[in-house]
Amino acid sequence: MTGEFLTSLTPEHKKFLVNLFKDGVSFDPKVLRVYASDASLLTGTVLAMVRPESAGQLCEFMRWADAEHVAVHPRGRGTSLSGGCVPTVPGIVVSMLGMDKIIEINKEDFVAVVEPGVNTALLQAECEKLGMFYPPDPASGKATSVGGNVITCAGGLRAVKYGVTRDYVLGLEAVLPGGELVKFGGRSHKDVIGLDLGRLFVGSEGTLGIVTRLILKLLPRPEASASVLVGYPSLDAALASMGKVFAAGILPCAVEFMNETVLEILARTGDVPWPDSVKSLLLFQVDGSKETVPLENARLANQLDDALWRMEGVGKQEEDKLWAYRRRVSAASYVLGPDRIGGDMAVPRGSILKAVRKFEEIAASNGKRLIAFGHAGDGNIHANLHYDASDADDARRTQKTHHELDAAALECGGSLSGEHGGGCLKEVGKQLGQKEHALMLRVRRVFDPSGILNPGKGY
């Protein structure tokens, strides 16, 4: 596959890139080393990094790249845990952080118009200042870009009530290989004319084109919210309690779970408020108007009467104290090893317990510990494994465990990824049917006939 693409840049190639991007290009090995990897810690080969500042610049670059048959690897903020930003073949990384403007937040149309490099948390904060709400809430929102969220269809903590990123993309503009600028959708919240080709870009992992502008749907900002952290003697008891909540007709905006191993590592790395009898946690949040939130909170409390321990918070300041324990999990998990493979399988909500217990058995059979937590409301399990990459046997057993966990997720009727995407870590062919996979590849070739965009990624 590598032989099909340009594997080095000539002086003429470099001159073209410098003339086009001026200061927005680098060939410095120290700089390229940064762009060779992402949060997955996989590494590829980067021939150059370019940072366009306009769609016009990107059109000219993509015409050149297609003609020269250079592999192109789009990149946001490099937070992919599935290797989505890692060059699978030598190529040019296109950093979209040079296009990071919030163009408009409109209170009448309930839309935001942004460039892809805009930080997710910044967009949310700017919307909230105007009484608006952009719900997609990936846990790494302070680090991610909106464009990165779109091409992976990021979910996050509030997905159980508000859905995922695809539910908020009304329209987009993108540059295709060959340099053609295309626009799909618009500001209208309803539009059924033609095929929804813009929706294909959401979750496409940078394989169809490079997004240059997004039109996003906004909602009114909820007036109030409340959270409760509840402890149980086991994950079995915790998930049974969660089932009672949904059976009672209560729809929280977020429901997170943490297994026994998570509580162990939290206790090992900092102070925790729950007693030793608590082995598993659920974390709920409800939101709405000032009048309805107390009522919803009371209804929720009635269904959590079997909890061993609880801690409540009303309003951002109090709630942040509760959510800090959930947000500590990823950092705390490194006590089990300096390196990590992060899974984000999704299973039917009723199969979470079965899946987690099966995952734990698989991990134990390979001499590993499973850190399991995630979005219980929509069945999204973060199944993380820590290891020491310098220990060849540990690395081998961890990789083996990871692939066996994927197989177990499919056996539970689930998916290999709920929000991170396939990247270059997931063997998507295990999930996709042969005919269905072939159709996806044919669609990909419609947009990218030469196959220069993110080769070896996604599907």
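Modeller: Strand β2 (residues 46-50) pairs with strand β4 (residues 91-95) in the parallel sense, over four bridges. Bear in mind that this is a predicted model.

Biologist: OK. Which residue stands opposite V50 in β4?

Modeller: That is V94.

Biologist: What order do the strands of that open sheet have?

Modeller: The order is β1-β2-β4-β3. The sheet has four strands, and the pairing is mixed.

Biologist: And which strands stand at the edges?

Modeller: β1 (25-26) and β3 (71-75) do. Each has a single partner strand, so one side of each is left without a neighbour in the sheet.

Biologist: Let's zoom out. How many helices and strands does the chain have?

Modeller: There are 15 helices and 18 strands.

Biologist: What radius of gyration does the chain have?

Modeller: The chain has 23 Å. A compact globule of 459 residues would come out near 23 Å, so the value agrees.

Biologist: What box do the C-alpha atoms fill?

Modeller: Roughly 70 × 60 × 40 Å, along the principal axes.

Biologist: How much of the chain is buried?

Modeller: Buried residues are 54% of the 459. The accessible surface is about 19300 Å². Carbon and sulfur atoms hold 53% of that surface.

Biologist: What share of the contacts comes from residues 24 or more positions apart?

Modeller: They account for 73% of the contacts with a separation of 6 or more.

Biologist: Charges next. How far apart are the mean positions of the positive and negative charges?

Modeller: They are 1 Å apart. The chain has 51 positive and 55 negative charges.

Biologist: Which strands do bridges join to β12?

Modeller: One is β14 (residues 280-288), with nine bridges. Another is β15 (residues 309-314), with six bridges. β12 runs antiparallel to β14, and also antiparallel to β15.

Biologist: What are the bridge partners of A226?

Modeller: In β15 the partner is V314. In β14 the partner is V286. A224 also has a partner in β14, namely G288.

Biologist: Is β14 largely enclosed or open?

Modeller: Largely enclosed by the rest of the structure, because eight of its nine residues are buried.

Biologist: Which strand do five bridges join to β14?

Modeller: Strand β13 (residues 254-258), running antiparallel. There, A254 stands opposite Q285.

Biologist: Switching to helices. Where does A363 lie?

Modeller: In helix α13 (residues 352-365). A363 is buried, at 0% relative accessible area.

Biologist: What does A363 touch, beyond residues up to four places away in sequence?

Modeller: K368, R369, L370, L385 and T401.

Biologist: How far is A363 from D391?

Modeller: Their C-alpha atoms are separated by 17 Å. Along the chain, the two are 28 residues apart.

Biologist: And S241, buried or exposed?

Modeller: Buried, with a relative accessible area of 0%. S241 lies in helix α8 (residues 235-247). Leaving aside neighbours within four places in sequence, S241 contacts Y232, Q303, L304 and D306.

Biologist: Now a loop. Where is G413?

Modeller: Between α14 (392-411) and α15 (434-447). G413 counts as exposed, at 52% relative accessibility.

Biologist: How far are the C-alpha atoms of G413 and A346 separated?

Modeller: By 8.9 Å, although the two are 67 residues apart along the chain.

Biologist: Last topic, backbone angles. What phi does K22 have?

Modeller: A positive one, about 55°, although K22 is not a glycine. Most residues other than glycine have a negative phi.

Biologist: Where does K22 lie?

Modeller: In the loop between α1 (11-21) and β1. K22 is exposed, with a relative accessible area of 55%.

Biologist: What about the phi of E205?

Modeller: Positive too, near 60°, in a residue other than glycine. E205 sits in the loop between α7 (197-201) and β10 (210-217).

Biologist: Is E205 buried or exposed?

Modeller: Buried, with a relative accessible area of 9%.

Methods:
Residues are numbered from 1 along each chain as its sequence is written. This is a predicted model: local features need pLDDT of at least 70, side-chain atom pairs count only at pLDDT 80 or more; totals for chains, interfaces and linings use all residues. Side-chain values use heavy atoms; hydrogens and water are left out. Helices (H or I, at least four residues) and strands (E, at least two) are DSSP runs, numbered from the N terminus. The radius of gyration is taken over C-alpha atoms; the globule rule is 2.2 Å times the number of residues to the power 0.38. Buried means under 20% relative accessible area, exposed over 50%, partly exposed in between (1.4 Å probe, protein chains only). Contact means heavy atoms within 4.5 Å. Accessible areas come from the Shrake-Rupley method with a 1.4 Å probe; for residues, only the protein chains shown count as cover. Lys and Arg count as positive and Asp and Glu as negative; His and the chain ends are not counted. The place of a charge is taken as NZ of Lys, CZ of Arg, CG of Asp or CD of Glu. Two strands pair if DSSP finds at least two bridges between them.
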